[in-house]
Amino acid sequence: MSSVSGSPAFKALEGDDEVIIGLEVHCQLDTRTKLFCGCSTDYRDDGPNTHVCPICLGLPGSLPAVNRKAVEFALKVAKALNCRVLEESEFSRKNYFYPDLNKGFQISQYDKPLAVEGWLRIEGDNGEKTVRITRVHMEEDPGRLVHKGGADRPKYTLVDYNRAGIPLIEMVTEPDIRSPKEARRFLNKLRATLEYLGVFDSEKEGSLRVDANISIQPRGWFEAHGKGMEGRGRTEIKNISSYKGVEKALTFEITRQKNLIRRGQRLETATRHFVETRGVTTASRSKEMEQDYRYFPEPDLVPLRVSDWCERIVLPELPDARHNRFMEEYGCSYNHARTLTGDLRVAEFYEKVAAVDPRIAATWVADTLLGELNYRDMNIAKVSPSHFIELLQMLREDVITDKSAVEVLRVILDQLAEGCQCEAPSTCVARLNLAKTADDGLDAVIEEVTEEHPQAVEDFHNGRKEALNFLVGQVMRKTRGRVDPGDVNRRLHEILSHGGT
Amino acid sequence: MGIFAFSAPDPCNAFITRIPEAEYGDGKLAGVSIAVKDNISTKGIPTTCGSKILEGYIPPYDAHVVELLRAEGAAIVGKTNMDEFGMGTTTENSAYGPTLNPADRERVPGGSSGGSAAAVASGMVAMALGTDTGGSIRCPAAFCGIVGMKPTYGRVSRYGLVAYANSLEQIGPMAANVPDISLLLQVLTCHDPRDSTSITAPYTHTPDPDIHGLKIGVPEEYFGKGVDPRVASIVWEGISLLERLGAEIITCRMPSMDYALAAYYVTCMSEASSNLARFDGVRYGPPADPKKQWHESFQERRRDGFGKEVRRRVMLGTFALSSGYYGKYYAKAQSARRNVAADFSRLFSEVDVLAGPTMPTIAFRLGEKSDPLSMYLSDILTVPANLAGVPAISVPCGKVDGMPVGLQIMGRWCADERVIDVAYAFEEGVSA
C-alpha cells in the first residue's frame with residue numbers, strides 16, 4: 001500500500017501526479033462471414049448494401065444465429081489474454097436509437113461476457129509490466145453512415161449495412177496503464193497477439209477502435225483507494241480509430257486536465273470525442289452521456305457454454321514465446337528479437353531469410369529494412385524474401401559493402417513504392433557497378449591518392465593519425481563506396497608503413 | 001399442382017391481404033387452403049402485423065413455416081388480421097379495422113390471431129397459422145369455436161415470425177378439428193438452425209383417443225375469481241366427459257398464478273419495446289422528413305405509425321428495462337416466471353395433463369374492453385403455458401349464450417402428442 005495520506009484534503013503538488021489509463025479496445029474478428037448470418041465480411045470492392053440479408057438488415061422476423069468461427073476466434077483471444085472463460089455467458093441487447101442501427105439495438109454481451117480476469121505483459125515505462133484485462137466480449141458492428149454534401153452540414157445521409165453484423169471483440173483493461181506511450185505499447189502487443197492468433201487483420205478498414213479512460217491522480221492515490229480522488233473525475237475519450245490517435249488523444253487530454261488542475265478546477269467524469277484531424281478532444285453533448293441502454297438478455301439466442309471447448313483449443317506460438325525462441329534459436333539480441341516479433345509479418349519474413357546468416361539477417365531486417373520501410377510507409381509484405389536473401393548472401397560473401405547493400409535496398413524499395421516490378425539485387429548491383437573493387441584495383445587507387453596528397457602522407461609519417469582518415473575518405477570517394485572502409489584503412493596502413501608488399 | 005381460386009366473401013374482415021389465385025403443389029397439404037397470420041413473413045406478399053408502420057413492406061423472404069407449408073403443397077390464400085404486432089385479446093387493435101366473430105358479428109373473435117380464427121370458423125379456409133404469445137391462438141379459437149394449439153416453445157421455428165415477445169411466442173396450428181391440427185403440426189415441426197431456440201423434436205404422431213388411466217389435473221385457480229360461472233360449469237362438464245372416457249381427475253393448486261399475469265406483461269412489454277425499436281422510419285413506412293433532425297423524425301414516425309396500445313406497451317416496456325427499474329420489474333418477472341415453470345413441473349410429476357377453461361368468459365362485445373387492464377386480466381388462464389413454454393390446446397366445449405367456450409388442455413414440455421390425444425378423445429367423445 002502507498003504511504004500517501006487518505007485524507008481528501010490532500011493536495012498533490014505539481015509533478016507528484018500520475019496518469020491513470022484504462023482502455024476499451026474493439027477489434028474486428030477476421031471471420032469469412034458475419035457474426036449472426038452467412039453474409040461475407042469481405043465487402044471492400046463492392047457497392048453499398050451488397051453484403052446484406054434479412055438477418056443483418058434486421059428485417060422483421062429474421063433471427064440471429066451465432067457464427068461458430070467467431071466464437072472460436074474470441075475464445076482464442078480470451079485464452080491468449082490469460083482470461084477465465086465463463087461457464088455460461090450470454091448475449092444481451094444494447095438498446096439505443098441511431099440511424100445506422102438496423103434493429104434499434106445492438107447484440108452485445110453485458111453482465112455475462114465470454115471471459116474475464118486476464119492479463120497481458122507489456123514493455124512498460126519502467127521495465128516489463130502486467131496490464132490486467134477485465135473482460136473480453138463479442139458484439140456486432142452496426143452499419144455505416146455516409147454523409148453527402150460535406151461532413152459538417154450534410155445535405156442528406158445514406159446508410160450502408162455492409163458492415164452491419166461484422167463480428168467485433170471488445171477487450172477492456174483495468175486502469176493499469178500509466179502513460180500514453182504505455183497505451184501505445186499495450187495496443188501494439190495486443191495487435192501482435194491477435195495477428196499471431198490469425199483472428200485479426202489490422203489492414204482492414206475499421207478493424208480497430210479504442211475508447212480510452214484517463215484521469216490524473218496524486219501519485220499512489222489510485223492504488224491506495226481503488227478509485228480516483230474526488231474532483232479528479234476521469235474522461236472517457238470515445239472512438240479513436242488509430243494507434244497513433246490513441247497516443248495523441250491521451251497526450252492532449254493529459255495537458256488539458258493538468259491545466260484545469262493547476263487552475264484549481266474540479267474535474268467531473270465526462271465523455272469527450274477525439275478529433276483526429278486536429279489532434280484534440282472535444283466535449284460531447286451531455287445527452288449522449290446519460291444514455292440508458294436498457295440491457296437485457298437476447299431472447300433469440302441461447303446461452304453459450306464454451307469453457308470446455310476453450311480448454312481444447314491449442315494456441316499457436318505467441319509473441320513472447322517467439323521472442324524467446326528467436327533469442328535461443330537464432331541468437332538474436334533481446335532488442336532485435338523484440339522488434340522482429342512485434343509484428344507477425346516481420347517475424348515471418350525474418351524466419352524466411354534467417355537461414356543465410358541469422359545475425360546478419362537480424363540486423364538487416366530489424367535495423368535497416370524496417371527503417372527504410374517506415375520511411376516509405378510501406379508494408380513488409382511487399383518485399384520479396386528471396387530478393388532479400390540474395391542481398392544478404394552478397395553481403396555475407398563480401399561481394400558488396402554494407403553501404404552498397406543499403407543503396408540496393410533503397411533502389412528496390414523505391415521501385416516497389418512506385419508500384420513497379422523491382423530488379424533482382426544482383427541485377428541492380430551489376431547495373432550500378434556496385435560490386436566490390438578487387439584488391440589490386442584498390443592498390444592502384446591508393447597509389448593515385450597518395451600521389452595526389454603528399455602532404456597527408458607526410459603528416460601520417462609524422463604521427464598524425466587523422467591524416468590516415470583523410471586518405472581513406474579520398475579513396476572511398478574515388479571508388480564511390482564499392483570498397484569496404486575497413487579494407488581501405490588496413491591496406492593504406494600497410495602500404496604507408498611498409499611500402500606495401 | 002394447381003391454382004386455388006380464393007373468392008369466398010369476407011364479411012368478418014378476417015383478411016388484410018387476399019390472394020385470389022393461390023398456387024399450390026404436391027404433398028401432405030396439397031391444395032389445402034391455408035391462411036397465415038399477418039405477422040409471419042411471406043415472400044412477395046405484404047406483411048403488416050396489423051400496423052400502419054409496416055404499410056407497403058413486402059418481405060423478400062419466407063418464414064420457415066411458410067417454406068414448410070409450400071413444400072407440402074398448401075395453397076396460401078392470404079394474410080389474416082390481428083391486433084397490431086399481436087398486442088391485444090380482441091383483434092380490435094388493428095390498423096385495418098376489427099375482425100368480427102362469425103358466431104356473432106357484434107362480438108370480437110378474440111385475439112390476437114382473430115383473423116385466422118374467424119377465417120377457419122366461417123369456413124373460408126381449411127386451416128390457418130396463428131401465433132401465441134400469451135394466448136393469442138387459444139383465445140380466438142375458444143371465442144370462435146375452433147381448435148387452436150400453442151406447441152411447446154422451440155418445436156416450431158420462429159424464423160420469419162415478426163417478434164412481439166420472443167421468449168414467449170410460438171407459431172401454431174388453427175383448424176376446425178383435432179386431426180387437422182395434428183396434420184398441420186406434422187408439417188410445422190422441423191428443426192431450423194436459423195432459430196437458436198429451435199429444438200429437434202419433429203411431431204410425427206397420429207391422434208389416439210384412448211385416455212384410459214390418464215391423470216388429469218384441474219388447478220383450482222382455473223375456476224376462481226373472475227371466471228364466468230357459466231363458463232366454469234360447462235368446462236367442468238367437459239372435464240367430467242374426460243373422466244367418463246377413462247381419465248382420472250385430480251384437483252390441484254397452482255399458487256404461482258398470482259404472479260403469472262404480471263410476470264407475463266412485464267416480460268412481453270420489455271421484449272416488445274426492444275423488438276419494435278427497428279421501426280424508426282429509416283427502412284419501413286413513410287420516409288423520414290429530411291428537414292428534421294434524425295431523432296425528431298424517429299419520434300414522429302413512431303408516434304404516428306404505431307397504434308395506441310402498441311405505444312402504451314412500448315413505453316411500459318421501456319420503463320421496465322430502465323436502469324434502476326430493471327431489477328424491480330424485468331428481473332423480478334423472470335424469477336416469477338421460473339416459479340410458474342416450477343409449479344408446472346411439480347404438477348406434471350403427479351398428473352399427465354392439466355385442464356381448465358381457455359378463457360374466463362365468452363367473447364366480449366365489440367368495444368367492451370375499452371379499459372386495458374380488464375383486457376389484460378382476461379389472459380390469466382392462457383399466459384401460464386407461455387411462461388413455462390409448455391404445449392396447450394383449446395378445443396370447443398359447448399356454448400354459453402350461443403357463444404363458443406373452449407376447454408384448455410396443457411401438457412408437459414414437449415408432450416404435444418399427449419395434449420393432442422386428450423383433445424382428440426374429447427372431440428370424439430362430444431360427437432359420440
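Predicted model: local features only at pLDDT ≥ 70, side-chain atom pairs only at ≥ 80, totals over all residues.
Trainee: Is chain A compact or spread out?
Mentor: Begin with its make-up: chain A has 17 helices and 14 strands. Its radius of gyration is 29 Å, whereas the globule rule gives 23 Å for 501 residues. The value is well over the rule, so chain A is more spread out than a compact globule.

Trainee: What percentage of the residues in chain B are buried?
Mentor: Let's look at each chain in turn. In chain A, buried residues make up 41% of the 501 residues. In chain B, with its 432 residues, the buried share is 60%.

Trainee: Which residues touch the most other members of the largest nonpolar core?
Mentor: That core holds 243 residues. The two with the most contacts to other members sit in chains A and B: they are Ala74(A) and Ile34(B).

Trainee: Which helix gives the most to this core?
Mentor: The helix to look for is in chain B, at residues 257-275, and it gives nine residues to the core. Its name is α6.

Trainee: Why does the core lie between two domains of chain A, and which are they?
Mentor: Look at who contributes: two domains of chain A both give residues to this core, so it lies between them. They are domain 1 (17-312) and domain 2 (319-431).

Trainee: How many residues are in the other core, the one with Leu442(A)?
Mentor: This core lies apart from the largest one. Among its members are Leu442(A), Ile446(A), Phe460(A) and Val475(A). Its residue count is 12.

Trainee: In the sheet of β4, β3 and β14 of chain A, which are the edge strands?
Mentor: The three strands form an open sheet in the order β4-β3-β14, with antiparallel pairing. Strand β3 (residues 92-95) is joined to β14(A) by two bridges, and Ser92(A) has Pro297(A) as its bridge partner. An edge strand pairs on one side only, and here that holds for β4 (105-108) and β14 (296-297).

Trainee: What covers the buried residues of α8(A)?
Mentor: First find what is buried in helix α8 (residues 334-341) of chain A: His336(A), Ala337(A), Thr339(A), Leu340(A) and Thr341(A). The cover over these buried residues includes α7 (319-330), α9 (344-353) and α10 (358-376) of chain A.

Trainee: Is Ala342(B) buried or exposed?
Mentor: You will find Ala342(B) in helix α9 (residues 327-348) of chain B. Ala342(B) has 12 C-beta neighbours inside 10 Å, so it counts as exposed.

Key: Residues numbered from 1 in each chain as written. Chains lettered and ligands numbered in written order. Core = buried A, V, L, I, M, F, W, Y, C linked by C-beta atoms within 7 Å. Buried ≥ 20, exposed ≤ 12 C-beta atoms within 10 Å, placed from the backbone. Helix = DSSP H or I, 4+ residues; strand = E, 2+ residues; numbered from the N terminus. Domains from an automatic or database assignment. Pairing = 2+ DSSP bridges. Contact = placed C-beta atoms within 7 Å. Rg over C-alpha atoms; globule rule 2.2 N^0.38 Å.
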